[in-house]
Amino acid sequence: MLLLKLIQSLIKALDSEGTPGQLAAGLALGSILGLTPLWNLHNAVVLALIIVLNVSLAGAILGWALFVPVGFLLDPAFDWIGRTLLLDTRALRPLWTAGMRLP
């Protein structure tokens, strides 16, 4: 049912009077919304860009709906990459602990 609504939304967006660039920008900004946590300042800026840049709102909603599950599926991989490359690297440990040193 949800998949049919997404396909219907995509067809409506493709049939709209907007340009392909507006649709692509809407999908790109919607994917940013879908891959990041919902309630933060970053998403407020992205929402403002969607409104100000006059991109396809249907494309943005479709991009958001498609990338929310992708973000949840890839979250463990992103967590592992972040811990392995950044947090557990001995060479970078002073960078993360520099503010914790007491005089």
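A few ground rules come first. Residues are numbered from 1 along each chain as its sequence is written, and because the model is predicted, local features need pLDDT of at least 70, side-chain atom pairs count only at pLDDT 80 or more, and totals for chains, interfaces and linings use all residues. Side-chain values use heavy atoms, with hydrogens and water left out.

The protein has 5 helices and 0 strands, where helices (H or I, at least four residues) and strands (E, at least two) are DSSP runs numbered from the N terminus. Read from the N terminus, then, the elements go α-α-α-α-α. Of the 103 residues, 18% count as buried; buried means under 20% relative accessible area, exposed means over 50%, and partly exposed is in between, with a 1.4 Å probe and protein chains only. As for contacts (heavy atoms within 4.5 Å), residues 24 or more positions apart account for 63% of those with a separation of 6 or more.

Next come the helix pairs. Two packed helices are described by the angle between their axes and the distance between the axes. Axes here are lines fitted to C-alpha atoms, for helices over the stretch in contact, and angles run from 0 to 180 degrees between N-to-C directions. Helix 2 (residues 20-35) and helix 3 have axes that come within 10 Å and cross at roughly 165 degrees. That makes helix 2 and helix 3 roughly antiparallel to each other, since angles over 145 degrees get that label, while those under 35 count as roughly parallel, 65 to 115 as roughly perpendicular and the rest as oblique. Their crossing is left-handed, a word used if the near helix is turned anticlockwise from the far one by less than a right angle, with right-handed used if clockwise. On the helix 2 side, the contact is made by Leu-29, Ile-32 and Leu-33, and helix 3 brings His-42, Asn-43, Val-46, Leu-47, Leu-49 and Ile-50. These residues divide into 7 nonpolar, 2 polar and no charged (Ala, Val, Leu, Ile, Met, Phe, Trp, Tyr, Cys and Pro count as nonpolar, Asp, Glu, Lys and Arg as charged, and the others, Gly among them, as polar).

Helix 2 also packs against helix 4, at an angle of about 35 degrees and with the axes 6 Å apart. This crossing is right-handed. Among the residues making the contact are Gly-26, Gly-30, Ser-31 and Gly-34 of helix 2, and Gly-59, Gly-63, Trp-64 and Phe-67 of helix 4. The tally for this contact is 10 nonpolar, 7 polar and no charged.

Ile-50 lies in helix 3 (residues 41-52) and counts as buried because its relative accessible area is 6%. Leaving aside neighbours within four places in sequence, Ile-50 is in contact with Leu-29, Leu-33, Val-55, Leu-57 and Ala-60. The C-alpha atoms of Ile-50 and Gly-26 are 24 residues apart along the chain, yet separated by 6.9 Å. Over in helix 2, Ser-31 is buried too, at 14% relative accessible area. With residues within four places set aside, Ser-31 is in contact with Gly-63, Trp-64 and Phe-67.

Most residues other than glycine have a negative phi.

Val-55 is in that loop as well, and counts as buried because its relative accessibility is 13%. Not counting residues up to four places away in sequence, Val-55 touches Gln-22, Ala-25, Gly-26, Leu-29 and Ile-50. Val-55 and Gly-18 are 37 residues apart in sequence but 8.1 Å apart in space, C-alpha to C-alpha.

Ser-56 also has its place in the loop between helix 3 and helix 4 (57-87), and is buried at a relative accessible area of 14%.
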